[in-house]
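Hi,

Here is the structure I promised to pass on to you. Have a look at it first, and then read my notes below.

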Amino acid sequence: MQHTVGLYGYDEDAIHVVDMHTTGEATRIIIQGYPELKGTTLLEKRRDAKLRLDHLRRRLMFEPRGHRDMYGALLVRETEHVFDGTADIGVLFLHNEGYSTMCGHATLALGRFLVDTHDSTVFPGRKDLPYDSESQTSTVRIHAPCGVVTVTVPTTIKQIGGNDVHVSDPSRAVSFTSVPCYVSLLSYTLPIPQTHTWPHLEELGKSDIQISIAYGGAFYCLVEARELGFQDGLRTKGIELEDYDRATGKIKALIESDEEFCKRYLRHPDEPDLSFLYSVMIVDHDVPSANLSSSPPAEVGLCFFADQQVDRSPTGSCAGARVALRMAEGTMRMNEPRDFHSLVSLAKVGSGDALDRGAFRALGIEETKLSDGTSAVVVRLDGKAWYTGTSIFVAEKLDEIARNGFQLRLPNA
Ligand SMILES: O=C(O)[C@H]1NCC[C@@H]1O
């Protein structure tokens with residue numbers, strides 16, 4: 001290790017990571033060097049990470065090793081579902097504010113990584129993953145804080161050191177099946193008081209907007225771009241991220257200040273730890289340039305999550321929430337796929353498969369019910385993730401600046 005990083009004596013705190021991206025959205029997978037978490041269940045371990053080891057999240061996500069929009073995944077080898085045999089490994093997701101409950105873009109990346117790692121200290125369950133020779137795929141069940149998601153990873157055979165080794169095949173999309181996704185509030189008129197308004201809305205002379213709340217492993221407030229006063233919808237040219245940031249930030253603060261609203265529409269029937277507003281996502285279902293003849297209908301979205309972190313990817317967990325929403329609205333049917341773009345994939349729209357340009361493809365595959373009887377849908381989502389590198393991060397004891405990371409924020413960010 002010392003030779004690898006060219007340092008001597010600083011390896012006590014070394015943390016090993018593998019970096020990947022999905023439509024440009026980073027996933028820093030922490031594979032070694034993170035201390036054991038206390039607790040039996042994954043949610044207990046999530047609380048422990050928050051209370052006792054949060055400096056490591058800041059160290060790995062923030063500058064100088066990351067940035068304010070960095071995203072991470074911590075492998076958790078022992079969880080209640082790994083023990084009862086319903087999952088192969090657990091994961092905690094890390095972002096600029098804490099620990100999210102679901103992440104689609106990271107799940108796609110993790111699927112590839114978990115199939116590719118043959119180090120049993122990193123993933124003890126790797127050797128037992130089922131392989132289907134007909135479809136040439138391996139399946140891995142990942143226990144996320146919101147529940148277990150099953151990931152199907154296309155594989156191919158590579159000659160490594162004279163042996164045939166099954167590795168993930170980047171030419172085909174990874175897919176996963178979601179936890180039950182549902183709508184908790186359909187088309188609600190949210191009054192916007194003077195204190196929470198923003199210039200684009202004022203220009204329209206409006207003082208309310210239509211929102212919906214839907215769950216896809218985390219709760220999303222979904223709002224159409226034109227409702228917010230962005231008359232051209234979500235576009236890759238001439239956009240001002242600050243304007244979108246201001247509007248979504250105001251809506252989030254407004255919703256969070258309304259205790260009654262949160263209790264009613266942001267409460268998961270099974271788990272208080274899942275009961276919070278993760279994001280306000282701006283959506284636009286009118287994207288003519290994305291509707292290529294070879295692809296299913298498409299829409300675009302821009303997700304602000306956690307502390308106004310901007311997702312570069314089309315947001316996999318929200319694609320689940322949006323399938324549930326579109327089905328509740330009656331604009332999408334079971335087994336009918338739809339492409340979900342982010343601004344990054346939309347900028348790449350051209351001929352060929354939208355998935356190669358970073359879109360996610362999602363469809364409802366099964367109707368189900370939550371424990372309180374609420375109707376829900378299980379969603380299958382396809383997308384592509386890529387490796388970008390590996391790092392070993394160290395933290396010198398006397399390094400006041402970088403030991404725990406920091407964020408440089410622009411005044412209006
Ligand atoms: O794809 C997703 O679901 C995530 N990407 C960042 C924010 C969400 O957790």
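A polar contact, as I use the term, is a pair of N or O atoms within 3.5 Å; within protein, one must be able to donate a hydrogen and the other to accept it, and residues adjacent in sequence count only if both atoms are side-chain atoms. By that rule, the side chain of Glu 299 makes a polar contact of 2.7 Å with the side chain of Arg 338, and another of 2.9 Å with the side chain of Arg 326. Glu 299 counts as buried because its relative accessibility is 0% (buried means under 20% relative accessible area, with a 1.4 Å probe and protein chains only).

Please keep in mind that this is a predicted model, where local features need pLDDT of at least 70, side-chain atom pairs count only at pLDDT 80 or more, and totals for chains, interfaces and linings use all residues. Residues are numbered from 1 along each chain as its sequence is written, and side-chain values use heavy atoms, leaving out hydrogens and water.

Now to the ligand. An N or O atom in the side chain of Asp 311 lies 2.7 Å from a nitrogen atom of the ligand. On the backbone side, a polar atom of Gly 104 is 2.7 Å from a ligand oxygen, and a backbone N or O atom of Gly 316 is also 2.7 Å from an oxygen atom of the ligand. Taken alone, the ligand exposes 260 Å², and the protein buries 100% of that (areas by the Shrake-Rupley method with a 1.4 Å probe).

Best wishes

Definitions and conventions. Buried < 20%, exposed > 50% of the residue type's maximum accessible area, 1.4 Å probe, protein only.
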